[in-house]
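Subject: Structure handover and notes

Hello,

I am passing on the structure below, together with my notes on it. Please read the notes with the model open beside them.

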Amino acid sequence: MRPRARGLATLAVLLCILGLPAPLSASPTDTIAAWAERWLETGADAIDGVRPLHPDALARVYGSRRHAPAWGPARRAAPVLRLLADSAGHGLTPDDFHASALLRLRAARLTHPDDPRLLGWFDLLLTDGVMTYARQLRRGKVDQVSLQPRWRDGDAPGEDEALLDALLASTDPAALLEAIAPAGRSYRALRSALADARRQVEAGGWPSVGAPGRLRPGDTGAGVAAVRARLAREDPRLTETEDPAHFDGPLEAAVTRFQARHGLAPDGIVGPATLRALQVSADARVDQLRVNLERERWVREDEDRGGLQVVVNIAAFDVSVLRGGRTQFHTRAIVGSAYRQTPVFASAIEYLVLNPVWNVPPGIAEEELLPKLRADPDWLRRNDMIALDGAGRSLGPTEAARAAERPGETGLRLIQRAGADNPLGRIKFMFPNRYAVYLHDTPQRRLFERASRTFSHGCVRVDRPVELAAVLLGAGPGQTAGALAERIASGVTETIYLPEAIPIRVRYATAVAETDGSVSLLEDSYGRDAPLLRALNASFGGATSARSAAGGQ
């Protein structure tokens, strides 16, 4: 540090300790140098009453610049500040990036152009805000494992500073900064839907529907008129009618479209589930879109990757095969119950098994199956089960029933033979993960007809597993759906390895971009949106005190 700057910084620290106002700096560089020394020597990091999120990085960055301002003329900083102030368009919080403080400092500079401190503080806070903004666009604000905001300096200072160097060297730093946001189709569609939902909020929200009871085509009354008024606010295809209280064909079509957009059975009838969705406020939809934009930032690198990938959306109860972001195959799925929720994770499918046996997990055996075995030893035979002890020895019915009294001591294991009644059905898809979760067929076909499908123990049951296998195998000789069905019909348990492992991502998204650019808004079956919203709304830095030099001029 230069001697003059060091002297000013030391004086500023002493006056701060004594509670006296600091002197005006001779230049913005002196202001920045004084802040850096105060932070390095005392740990005091407030900049005009605002705490930066990255004080260590700021000290390093400005130290390498000999504390010279980073942003130069106001016209260079203005587009960058505009991005921070408009970050709500990404579902983010502008004051995470000091937007209010920066706008206040900019206004103060107009009325106090001779105060060099204002430019120094503005420069420091803009740099800190830019680093925070870039981090949130790159990786999200919230850690998806802990559901806690990523506080303070975080874990990538080198990455931040390299980006900052590129921004400062760029002729258009705002464009470079905006390009950090996910560029995929899903993210763009969710941002557009968020803007639409905010316009609905600004217009007063959606009309109240109340609780009219079940409504069907042909019904009349105030409840029908309320549903029509609600849907007309967001469905341009629902035109005015002479009798708005009559449940006519156009209203039935609008209800059906609404149901399709919300993951409901598209029957054109306003039942309890459809009514719940109609009663969700525009404000709540804004929040739903915000949390799902955050989820998109978590998985941004996966959407448009080349090659095949499998995506399971737990909240949508579906499985898709994508190539370069385009859907190659789609089918319904059954996921874990509220008690045994399917986890979120990524892996790669390595092989599949035709006519699999079921190695019963200990938890399921203890809670659901062993009581049946203890009550009736013949239960094993009737359900085509095998019981093994800890040494792998097969046990007879009576011996197995006795072992079931103390499974922890005997090491009792249950295996169900392959067959039509096996819970895994006729095929399963295997990928390493610590949850012991995989995709599989099921004999319980009727459950796929339900709109909400949370019935499994955590694994994902697939509606069209043979077609899925053919897609993953490339449908080569002996690997078409028909050929696979013939091999399954033999009853022989067979392992088939994929030519190369195919990435699979199991995710939870309650707002989903469709191929036509529309967005489906789904029920939050696991209740995961609320805790993510709380973390997304958590304060991210902010003022340390009500007093600020700019505000007190």
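The notes below start with confidence and then go through the sheets, a helix, the cores and a loop.

This is a predicted model, in which local features need a pLDDT of at least 70 and side-chain atom pairs count only at pLDDT 80 or more, while totals for chains, interfaces and linings use all residues. Residues are numbered from 1 along each chain as its sequence is written, and side-chain values use heavy atoms, with hydrogens and water left out.

Confidence

The pLDDT is the predictor's confidence in each residue, on a scale from 0 to 100. The chain averages 87, and 91% of the residues score at least 70. Residues 1–5 have a pLDDT below 50, and this stretch has eleven contacts in the model beyond near neighbours in sequence. A contact means heavy atoms within 4.5 Å. The pLDDT is also below 50 over residues 542–553, a stretch with 24 contacts beyond near neighbours in sequence.

Sheets

Helices (H or I, at least four residues) and strands (E, at least two) are DSSP runs, numbered from the N terminus. Two strands pair if DSSP finds at least two bridges between them.

Four strands form an open sheet in the order 6-9-7-8, with antiparallel pairing. Its edges are strand 6 (358–359) and strand 8 (394–395), each of which pairs on one side only. Helix 14 (residues 362–375) packs on this sheet and touches strand 6, strand 7 and strand 9; the direction of helix 14 makes about 85° with that of strand 9. Axes here are lines fitted to C-alpha atoms, for helices over the stretch in contact, and angles run from 0 to 180 degrees between N-to-C directions.

Within the sheet, strand 7 (residues 385–388) and strand 9 (residues 413–416) run antiparallel and are joined by four bridges. L388 has R413 as its bridge partner in strand 9, and I386 stands opposite I415. Strand 6 pairs with strand 9 in the antiparallel sense over two bridges; there N359 stands opposite I415.

Elsewhere, strand 14 takes part in two pairings that I looked at. With strand 2 (residues 308–313), strand 14 pairs in the parallel sense over four bridges, and V311 stands opposite R505. Strand 5 and strand 14 run antiparallel and are joined by nine bridges, with P503 in strand 14 as the bridge partner of A348.

Helix 19

Which residues of helix 19 are buried? In this helix (residues 481–489) they are A483, L484 and I488. Buried means under 20% relative accessible area, exposed over 50%, and partly exposed in between (1.4 Å probe, protein chains only). Seen down the axis of helix 19, the buried residues fall within an arc of 140°, so they line one face of the helix. The arc is that of the directions from the helix axis to the C-beta atoms. On the other side of helix 19, E486 and A489 are exposed. The buried residues of helix 19 pack against strand 5 (345–354), helix 18 (465–473) and strand 14 (494–507). Just after helix 19, G491 takes a positive phi of about 80°.

Cores

A nonpolar core is a set of buried Ala, Val, Leu, Ile, Met, Phe, Trp, Tyr and Cys residues joined through side-chain atoms within 4.5 Å. The largest one has 59 residues, and those with the most contacts inside it are L352, L373, L414, F429, L439 and L472. Helix 18 gives the most to this core, with six residues. Not counting residues up to four places away in sequence, L439 touches V312, K428, F429, F431, V460, V462, L468 and I504. There is also a second, separate core of 56 residues, which includes L83, A101, L126 and L163.

The loop between helix 3 and helix 4

Most residues other than glycine have a negative phi. R66, in the loop between helix 3 (55–64) and helix 4 (74–85), has a positive phi near 55°. H67 lies in that loop too and has a positive phi of about 65°, although it is not a glycine. R66 counts as exposed because its relative accessibility is 71%, whereas H67 is buried, with a relative accessible area of 12%.

A68 is also in the loop and is partly exposed, with a relative accessible area of 26%. The C-alpha atoms of A68 and I32 are separated by 7.5 Å, and the two residues are 36 apart along the chain. A68 touches T29, I32 and Y62, not counting residues up to four places away in sequence.

Regards
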